[in-house]
Amino acid sequence: MIELASVIRDLREELDRAVSAAEGEALRFELGPIELELSVALERNAQAQAKVRFLVVDSGADARLGKTSTQRISLTLKPTLAGSHRPVAVSGNAEPNER
């Protein structure tokens with residue numbers, strides 16, 4: 001399982017690479033809202049801070065979680081460039097595992 005914050009950070013890094021790849025390209029794509037649907041497990045910290053962590057569940061991990069409750073959540077993220085209100089354009093080659 002991975003923390004939700006790590007998933008979003010990794011997505012941000014991938015999008016940043018795509019934006020950089022778009023510079024100077026003739027064909028670019030405007031980046032619209034990004035919809036994520038994830039299975040998450042909530043983990044409560046029993047210490048005084050009572051921190052709750054959202055952990056993204058691997059597709060095969062549901063059976064291993066046993067007593068841990070998992071939920072499906074949907075997030076819609078609207079990417080923007082810092083200090084800009086213009087649309088974000090991306091470009092680049094698809095990786096072997098991307099569609």
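The following dialogue explains how to read several features of the predicted model shown above.

User: What kind of model is this, and how are its residues numbered?

Analyst: The model is predicted, so local features need pLDDT of at least 70, side-chain atom pairs count only at pLDDT 80 or more, and totals for chains, interfaces and linings use all residues. Residues are numbered from 1 along each chain as its sequence is written, and side-chain values use heavy atoms, with hydrogens and water left out.

User: What is the mean pLDDT of the protein chain, and which element has the lowest mean?

Analyst: The term pLDDT denotes the predictor's confidence in each residue, from 0 to 100. The protein chain has a mean pLDDT of 80, with 77% of its residues at 70 or more. Among its elements, β4 has the lowest mean, 80, and α1 the highest, 91.

User: What span should helix α1 have?

Analyst: The expected span of a helix is 1.5 Å times one less than its number of residues. Helix α1 (residues 4-22) has 19 residues and should therefore span 27 Å; its end C-alpha atoms are 27 Å apart, which agrees. Just after α1, Gly-24 adopts a positive phi of about 80 degrees.

User: Which residues of α1 are buried, and against which elements do they pack?

Analyst: A residue is buried under 20% relative accessible area, exposed over 50%, and partly exposed in between (1.4 Å probe, protein chains only). In α1 the buried residues are Leu-4, Ser-6, Ala-18, Val-19 and Ala-22. Contact means heavy atoms within 4.5 Å. The buried residues of α1 pack against β1 (2-3), β3 (34-44), β4 (52-56), β5 (70-77) and β6 (88-90). Of the 99 residues of the protein chain, 22% count as buried.

User: Which residues make up the largest nonpolar core?

Analyst: In soluble globular proteins, nonpolar side chains tend to be buried together. A nonpolar core is a set of buried Ala, Val, Leu, Ile, Met, Phe, Trp, Tyr and Cys residues joined through side-chain atoms within 4.5 Å. Here the largest nonpolar core has 11 residues in all: Leu-4, Ala-18, Val-19, Leu-31, Ile-34, Leu-36, Leu-38, Val-40, Val-56, Val-88 and Val-90. Two or more residues of this core come from each of α1, β3 and β6, and β3 gives the largest share, four residues.

User: Is Ala-89 buried or exposed, and which residues does it touch?

Analyst: Ala-89, in strand β6, is buried because its relative accessible area is 17%. Not counting residues up to four places away in sequence, Ala-89 touches Ala-18, Val-19, Ala-22, Arg-28, Phe-29 and Glu-30. The C-alpha atoms of Ala-89 and Glu-30 are separated by 4.4 Å, although these residues are 59 apart along the chain.

User: Is Ser-39 buried or exposed?

Analyst: Ser-39, which lies in strand β3, counts as buried because its relative accessibility is 14%. Leaving aside neighbours within four places in sequence, Ser-39 is in contact with Leu-55, Val-56, Val-57, Gln-71 and Arg-72.

User: Where is Pro-33, and is it buried or exposed?

Analyst: Pro-33 sits in the loop between β2 (29-31) and β3, and it is exposed because its relative accessible area is 60%. Not counting residues up to four places away in sequence, Pro-33 touches Thr-76, Leu-77 and Pro-79.

User: How many residues line the second largest pocket?

Analyst: Rolling a probe the size of a water molecule over the atoms shows where empty space is left. On a 1 Å grid over the protein atoms alone, a pocket is an open set of points where a 1.4 Å probe fits, with protein on both sides within 12 Å along at least five of seven lines; lining residues have an atom within 4 Å of a point. The second largest pocket is lined by 15 residues, of which Leu-11, Arg-12, Leu-15, Pro-79 and Thr-80 lie nearest its centre. The largest share of this lining, seven residues, comes from α1.
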